[in-house]
Structure formats: structure tokens, C-alpha cells
Amino acid sequence: QVAALLDAGWRALARAGGDAGRADRRDMRALLALGGLAEDLADAAAAEPATRPRGPLPRGEIGRLLADLTFPDDDGPADGLLVTDPAGLRGRRLRVVAVAGLDSAGIPGRPAPDAFLGPVRAALGDRLPARAEGTDEARLRFVQAVAAAGERLVLVRRFVDDDGRELAPSPYWAEAVRITGIAADAVRRVGGRGEIAEDPAQATTRREALRAVAAAGGTVPGELAAALARRRRPMGFPDGSPFAMRREFRVTELEAYLRCRYAWLHERVLRPAELAPPFDVRAEGTFAHRVLERLYRRMRDEGAGACRDDAALARYLGAVEEEVAATAAELPPSRPGRAHDAFLRRIERHVRDLLARERALEPVMEPWDFEVEVSRDDIVPGATLVGRTDRIDRRDGAVVAIDYKRSGASMDDANVLTRLQLPLYAEAVARGIGGDSAGGLYVPITKSRLAGRVRADMPWTPTPPAGVEVPEDEWRRLVDEAVAAAAAAVEGVRQGRLGAPPAGGCYDNCGHGVLWR
């Protein structure tokens with residue numbers, strides 16, 4: 001009966017001069033025409049009470065009936081095509097679903113801002129569920145698209161872009177390949193079933209031919225050659241490196257470059273600044289360095305000498321608490337409180353332990369200078385090496401460089417990167433005063449293991465730890481190797497050489513991961 005009444009309504013609309021096209025199926029005029037035909041029908045004696053809010057109704061009982069009916073927006077054939085985004089597939093069930101864009105330039109994209117609810121989330125508080133973080137929402141949309149496939153699921157990705165550059169697969173593509181067990185090469189389609197022509201000569205467009213040549217690993221003169229050159233250029237800075245004319249190089253910078261060139265680029269060139277200085281391990285080390293500098297400088301000026309006997313140890317220990325307090329006033333924390341108070345007590349304990357260990361060694365050299373700035377242009381030809389060593393001990397022209405470390409360091413004979421600073425600092429200071437470099441020591445603040453190398457003919461202590469004392473020619477070899485490594489680093493920095501990205505296993509606190517995230 002409803003179908004017959006609808007048909008009569010369309011005919012009445014046509015007689016009235018209206019257009020009975022598809023767009024008019026959502027036009028209220030059709031319902032009004034149908035309501036007019038049925039207005040002579042008696043209304044129900046007692047209309048049913050409304051169970052939900054309603055807007056204006058067409059006239060008559062049929063009008064009320066039609067107000068409760070729903071009509072589909074799309075009235076296409078059963079085998080039609082629906083083009084939508086993944087969100088439009090939620091709750092749908094389709095015979096075939098094809099998902100395109102499963103490459104590094106497509107799905108998942110960057111997280112989109114919450115355009116509608118973002119400004120009011122703070123006001124709603126816990127009453128509004130939190131939005132999925134990162135790509136969780138994109139993954140949910142992808143799962144919904146996969147679940148919508150009733151008979152067949154087609155996943156599509158590009159292997160190269162329009163300029164011939166290779167595109168990495170989406171993580172969703174890789175996961176689908178892993179789950180299905182299909183080999184990655186087996187899912188590649190070209191020619192009529194893909195965007196890459198099987199034969200460049202048969203390509204219908206120039207871009208299709210270029211993509212085909214690029215996918216085969218070849219090149220042709222023109223734009224594809226330029227694109228391929230961009231992909232395969234040597235990693236590093238282009239010709240005319242911004243560092244080509246540099247003359248001054250910090251020793252720690254050269255060491256960082258030799259350890260990891262991308263960490264050097266991140267920490268020494270880009271130097272991203274923290275929003276607020278963190279009070280971390282590095283900040284603790286800086287604080288302890290300052291305490292030791294103040295303490296040893298005070299003992300030197302008061303004539304206490306080296307911490308080699310019980311009397312000297314007592315004088316050093318008596319000044320520790322005062323110097324820790326003075327350093328705390330000089331370097332106030334961003335968040336004072338119980339945690340910082342505990343940190344100060346911990347630093348004081350570590351400094352007292354360090355002094356006791358030094359007393360046990362009975363050092364024969366005197367602490368001479370502290371936070372010593374070095375600058376020499378006669379070590380590496382054509383370059384000026386600069387830096388700062390924490391402490392210099394001296395006796396009869398012999399110089400030992402001392403560098404404090406929070407938890408210690410090593411001087412591995414097989415790795416020049418672990419023994420670059422001490423030989424260069426000792427050599428630079430010795431040349432500056434006309435003396436001899438006698439060695440270098442890493443003195444840990446929180447640990448007990450002393451590391452370094454000191455010449456046996458100019459000992460820093462009569463009872464050196466195992467592996468520290470070396471012959472004079474061995475120390476000269478260490479200095480020469482450090483100078484050669486510094487010269488190689490200077491040349492690499494000037495030419496802007498970076499090389500391949502690190503494969504892993506870098507030193508602690510290496511910042512190269514930020515560049516390759």
C-alpha cells in the first residue's frame with residue numbers, strides 16, 4: 001500500500017510540473033503531494049501518543065506514517081562503487097574492499113589535531129573519553145577497513161613516487177605480509193594492474209616510463225637522473241661545507257665526531273636547547289666538578305699541598321661541607337626541596353670518599369691548576385685545539401692531566417676514542433709551560449676505579465693501580481695516536497663528512513637517534 005501511494009505521489013508531482021529526478025526524492029514536496037491525496041481519509045479517532053520528538057508532519061494519517069519511515073541516501077545498483085576514507089567503512093559490510101596508500105607517504109599519516117573537541121576537552125575533564133594517542137586511531141581505522149571486506153581484501157602500495165624515489169612500505173603493509181605469509185616480491189604488480197609499466201617503451205606517459213626505469217635500477221638523462229642522484233648522493237654536507245674554513249676545534253668535539261658523527265652534528269652543530277635545564281646525571285656531574293674545583297683551589301691557596309697524609313686529609317675533609325654549601329648557593333636547583341637536600345648529602349659523601357682514596361695513593365705531584373683552558377696551534381697542523389681540563393698536577397716540569405668523571409671512564413688500548421682527551425690535554429699544557437707530558441688520569445667521583453696512563457719515570461703516585469703505569473715510549477705512542485686521530489677528525493669536520501647512519505651500539509647519551517627518528 002505504501003508503494004502504491006508513493007507511486008501516486010510521484011505522478012501527482014509530475015502533473016504539477018515538478019521534476020521527478022533523483023535529487024527530488026529527498027524533497028518534502030513529494031511528501032506534501034502524497035499527503036494531499038490522502039487528506040480525505042479519516043484521521044484516527046485517537047492518535048497514538050508521541051514516543052519521540054517530531055518536527056512538522058505532512059497532513060493526515062499517512063503523513064504521520066511517512067514521518068516514521070527512512071529512505072536510503074544512495075539509490076545505486078547493488079554492484080556499485082563506494083569511494084570513501086577508512087572512517088566511512090565503520091560498521092559497513094562490502095563484498096570487495098580495496099585499501100590504497102599503504103606506503104611511507106600514505107597510511108598511517110601524521111596524527112591529526114582534534115579540531116572539534118580540542119578547545120573544550122579541558123572544560124569537560126573526565127566526562128569526555130581521552131582520544132587515542134599517536135597512530136592508534138589510524139590503526140583502528142585500518143582494522144575497520146579490513147573488517148569491512150566480505151569476500152576479498154585488496155591492499156595497494158606504491159614502490160616508487162612520481163620522481164622515481166623508492167617509497168618504504170607502511171607498517172600495516174608489512175604486518176599484512178607477515179600474517180598472510182606472502183613473500184614481499186610476490187605481491188608486486190606492474191603494467192595494467194599497477195602504476196609501473198612492464199616495458200618503458202610501452203608506457204603511455206613519460207612519468208610512467210621514468211618510474212619503470214627507476215624501479216629497474218636504471219637512469220636516463222634529465223629529471224630521472226637528477227632524482228636518482230638525490231637518492232644516491234654521498235651522505236654529509238654538499239660541496240662547500242660550512243666548516244671548510246674552521247681553524248679552532250675543541251678536543252671534546254673531535255672526540256664526539258670520532259665516536260658518532262651524527263651525535264656530533266646533533267650536539268655540537270644543531271644544539272637544540274632544552275625548554276628548561278634538566279637536573280640529570282650531567283647536571284650532577286657539573287655540580288660535583290665545581291665542588292672539587294673550589295675545594296682543591298682553596299687547599300692550594302692555603303698551602304695544604306697534596307692530599308697525601310692524614311694531616312692534609314683532615315684539612316681537606318674539614319672544608320668539604322662549606323664548599324658544597326657555597327656551590328649550592330652558586331648553582332641553585334630549579335626545584336629545591338628534600339630531593340635536592342638528599343643530593344647535596346650524597347655529593348658530600350662521594351667527595352669525602354674520593355679524598356680518602358686519594359690519600360691512600362699518597363700522590364707525589366702537587367695540584368697546580370684547575371679548570372685549565374688550553375689552546376695550541378702546534379699540535380695538529382693548520383688547526384687550533386682548545387679545551388678545558390679539570391685539574392693539572394705538576395712536579396719538576398712533569399705534567400699529569402686529571403679529568404673528573406661521575407662514574408668513571410676507561411683508556412682501552414685497542415680503541416683510540418677512549419684515550420683522546422688526556423694525552424692531548426697533557427701535551428698542550430706541557431708545551432705551554434715548557435715541561436713534559438707525563439700522563440693523564442680519569443678520577444671517578446662515585447666509583448673507586450682509577451683509570452689512565454702515567455709514565456713510570458715520572459709517577460703520579462708510588463703505588464699506582466694495575467695497568468696505569470707505562471714506559472715513556474708507550475706514553476709517547478698514545479700521544480702520537482691521539483694527535484693523528486684529532487687530525488683525521490679535523491679533516492672530516494672541514495669536509496663535512498658524515499658517512500652512513502649509525503647501525504647501533506653507540507655510546508651512552510648519544511643523540512643521533514633524534515636525527516633518525
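In the predicted model, S170 is located in the loop that connects β2 (149-155) with α6 (171-180), where helices (H or I, at least four residues) and strands (E, at least two) are DSSP runs numbered from the N terminus. Residues are numbered from 1 along each chain as its sequence is written, and side-chain values use heavy atoms, with hydrogens and water left out. Because the model is predicted, local features need pLDDT of at least 70 and side-chain atom pairs count only at pLDDT 80 or more, whereas totals for chains, interfaces and linings use all residues.

With a relative accessibility of 1%, S170 counts as buried, the term buried meaning under 20% relative accessible area, exposed over 50% and partly exposed in between (1.4 Å probe, protein chains only). The side chain of S170 reaches the backbone nitrogen of Y172 at 3.1 Å. When residues up to four places away in sequence are not counted, S170 touches L102, D103, S104, I107 and P108, contact being defined as heavy atoms within 4.5 Å.

Helix α9 (residues 251-259) packs with helix α15 (residues 472-495) at an angle of about 80 degrees, the two axes lying 9 Å apart; axes are lines fitted to C-alpha atoms, for helices over the stretch in contact, and angles run from 0 to 180 degrees between N-to-C directions. The helices α9 and α15 are therefore roughly perpendicular to each other, given that angles under 35 degrees count as roughly parallel, over 145 as roughly antiparallel, 65 to 115 as roughly perpendicular and the rest as oblique. On the α9 side the contact is made by L254, Y257 and L258, and on the α15 side by A485, A486, A489, V490, G492 and V493. These contact residues comprise eight nonpolar, one polar and no charged, where Ala, Val, Leu, Ile, Met, Phe, Trp, Tyr, Cys and Pro count as nonpolar, Asp, Glu, Lys and Arg as charged, and the others, Gly among them, as polar.

Within α9, the buried residues are V251, E253, L254, E255, A256 and Y257, and they pack against β3 (248-250), α10 (261-270), β5 (384-395), α14 (421-433) and α15. Helix α15 also holds R476, which is partly exposed at a relative accessible area of 29%. R476 touches E427 and S437, residues up to four places away in sequence not being counted; the C-alpha atoms of R476 and E427, 49 residues apart along the chain, are separated by 9.8 Å.

As for cysteines, C260 is buried at 4% relative accessibility, and C307 is likewise buried, with a relative accessible area of 0%. The structure holds zero disulfides, a disulfide being a pair of cysteine sulfur atoms within 2.5 Å.

Note on methods: A polar contact is a pair of N or O atoms within 3.5 Å; within protein, one must be able to donate a hydrogen and the other to accept it, and residues adjacent in sequence count only if both atoms are side-chain atoms.
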